[in-house]
Amino acid sequence: MRLPLLTLTAIATLFVAADASAQTYDPRYPVCMHVYTLGGRGGGGDYYDCSFTSIPQCRATASGRAASCDVNPYYAFDEPPPPPRRRHKKPH
């Protein structure tokens, strides 16, 4: 009885560990937005969006949301920043 119980415990542990994401921060961008989300039945969550080249750009996107902007701790400061994203103009 002990062996099946230990086997089931080990399998359950592996499944729980497999859900973790390997990389939270994108090291190519200097600023990350930490977004807080509401979940069903009282369970909330959060995620990081590391796609910003400046704090003001991040704050403009975070405005009105449950989010905060921080310097990316994994950003490689010796490398040049990525080129700015081009915005597509909407036809009138």
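Trainee: What is the mean pLDDT of the protein, and what share of its residues reach 70 or more?
Mentor: This is a predicted model, so confidence per residue comes first. Of the residues, 65% reach a pLDDT of 70 or more. The mean pLDDT of the protein is 77.

Trainee: Which element has the lowest mean pLDDT, and which the highest?
Mentor: Helix 1 (residues 2-18) has the lowest mean pLDDT, at 52. Over residues 13-21 the pLDDT is below 50, and this stretch has zero contacts in the model beyond near neighbours in sequence. Where pLDDT is low, the predicted coordinates should not be read in detail.

Trainee: Which elements give two or more residues to the lining of the largest pocket?
Mentor: The largest pocket holds about 190 Å³ of space. Its lining includes Ser-51, Phe-52, Gln-57 and Thr-61. The elements in question are strand 2 (45-52) and helix 2 (55-62).

Trainee: How many charged residues are in that lining?
Mentor: Among the lining residues are Arg-85 and Arg-87, and Arg counts as charged. The lining also has four nonpolar and four polar residues. The number of charged residues is two.

Trainee: Which side chains meet in a salt bridge?
Mentor: Side chains of opposite charge can pair when their charged atoms come close. The count comes to one salt bridge, with a distance of 2.7 Å, N to O. The side chains are those of Asp-26 and Arg-28.

Trainee: Is Arg-28 buried or exposed?
Mentor: The relative accessibility of Arg-28 is 54%. The cut-off for exposed is over 50%, so Arg-28 counts as exposed.

How values were computed: Residues are numbered from 1 along each chain as its sequence is written. This is a predicted model: local features need pLDDT of at least 70, side-chain atom pairs count only at pLDDT 80 or more; totals for chains, interfaces and linings use all residues. Side-chain values use heavy atoms; hydrogens and water are left out. On a 1 Å grid over the protein atoms alone, a cavity is a set of points where a 1.4 Å probe fits but cannot get out, and a pocket is an open set with protein on both sides within 12 Å along at least five of seven lines; lining residues have an atom within 4 Å of a point. Grid points are joined across faces, edges and corners, and a volume is the space filled by probe spheres set on the points. Helices (H or I, at least four residues) and strands (E, at least two) are DSSP runs, numbered from the N terminus. pLDDT is the predictor's confidence in each residue, from 0 to 100. Contact means heavy atoms within 4.5 Å. A salt bridge is a side-chain nitrogen of Lys or Arg within 4 Å of a carboxyl oxygen of Asp or Glu. Buried means under 20% relative accessible area, exposed over 50%, partly exposed in between (1.4 Å probe, protein chains only).
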